[in-house]
Amino acid sequence: TIQKAATGTITSVAVEHNCIICESSDIVELAYQLASMFGVESVAVAKKVLSNFSDLTAAIVEVGISVIVPGDRFQVKVMLQPTAKCDYVSRDIEFAASGTLAARLTSINARPAKTEVDASRQILSVVGKESAYVCVQVMTAPSGLIAGSHGGVLSSIHDSLSFLASLMAAKAGFECNTIVLPY
């Protein structure tokens, strides 16, 4: 479904636990297409790095310097997939990267946040079996089931409630092939 929606921009697809990693020749277009698909919870544009401690920490700091703006409160979050083979825990990377970022960003008054709620910017990293990924941008998508997984449906949109019913049918996995707009 992802390859069909991407219309030829995907060069490779890999699955690491509950993440689908797509490499593309046009990252921005692919991210936009995937962020508008039902069945996708979130889309992240990420930098692929080696999963060892020093390379991952350096990549997080590099991405953090490019996305954090003056006065931001930031948080570094590292998610270890169950299939990841590494000799550290997520808190080790979070602590090391936050400390290095805080030292490098003191000139613009950007500091680590005490809690996730206090953070105005989050730098997310996912460590998988093969590689680690440091997210430059994370976008939410409609989620739900994959469009067309339960067949097609005829929708009639005549007020706000019928529009919501059509939207919920699409999220439930129905393909809205025909939409009737009575007047």
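# Exercises on pockets and a helix

In this predicted model, strands E2 (19-24), E3 (42-49), E6 (121-127) and E7 (132-140), together with helix H2 (27-35), each supply at least two residues of the lining of the largest pocket. Let us work through the model from there.

**Exercise 1.** Describe the largest pocket: what is its volume, which residues lie closest to its centre, and how does its lining divide by class?

*Solution.* 
- Step 1: Begin with the space itself; the largest pocket has a volume of about 1,100 Å³.
- Step 2: The largest pocket is lined by 36 residues, and the closest to its centre are Cys19, Ile20, Ser42, Val43 and Ala44.
- Step 3: Sort the lining by class, which gives 23 nonpolar, 9 polar and 4 charged residues.

**Exercise 2.** Now find which elements give two or more residues to the lining of the second largest pocket, and which one gives the most.

*Solution.* 
- Step 1: The second largest pocket holds about 230 Å³ of space.
- Step 2: Its lining has 13 residues, with Arg91, Glu94, Ser98, Pro112 and Ala113 nearest the centre.
- Step 3: Strand E4 (73-80) and helix H4 (90-104) are the elements that give two or more residues to this lining.
- Step 4: H4 gives the most, with 5 residues.
- Step 5: By class, the lining of the second largest pocket comes to 5 nonpolar, 4 polar and 4 charged residues.

**Exercise 3.** Work out where the buried residues of H4 fall when you look down its axis, and what they pack against.

*Solution.* 
- Step 1: Check the length. H4 has 15 residues and spans 21 Å from first C-alpha to last, close to the 21 Å expected at 1.5 Å a residue.
- Step 2: List the buried residues of H4: Ile93, Glu94, Ala97, Ser98, Leu101 and Ala102.
- Step 3: Down the helix axis, these buried residues fall within an arc of 150 degrees, so they line one face of H4.
- Step 4: Recall the geometry: an α-helix has 3.6 residues a turn, so residues three or four places apart point the same way.
- Step 5: Look at the face turned away from the buried side, where H4 carries the exposed residues Phe95 and Ala103.
- Step 6: Finally, the partners: the buried residues of H4 pack against helix H3 (53-67), E4, strand E5 (111-112) and E6.

Note on methods. Residues numbered from 1 in each chain as written. Predicted model: local features only at pLDDT ≥ 70, side-chain atom pairs only at ≥ 80, totals over all residues. Heavy atoms only, no water. 1 Å grid on protein atoms, 1.4 Å probe; cavity = no way out; pocket = protein on both sides within 12 Å on 5 of 7 lines; lining within 4 Å. Points joined across faces, edges and corners; volume = space filled by probe spheres on them. Helix = DSSP H or I, 4+ residues; strand = E, 2+ residues; numbered from the N terminus. Nonpolar A, V, L, I, M, F, W, Y, C, P; charged D, E, K, R; others polar. Expected span 1.5 Å × (residues − 1). Buried < 20%, exposed > 50% of the residue type's maximum accessible area, 1.4 Å probe, protein only. Arc of directions from axis to C-beta. Contact = heavy atoms within 4.5 Å.
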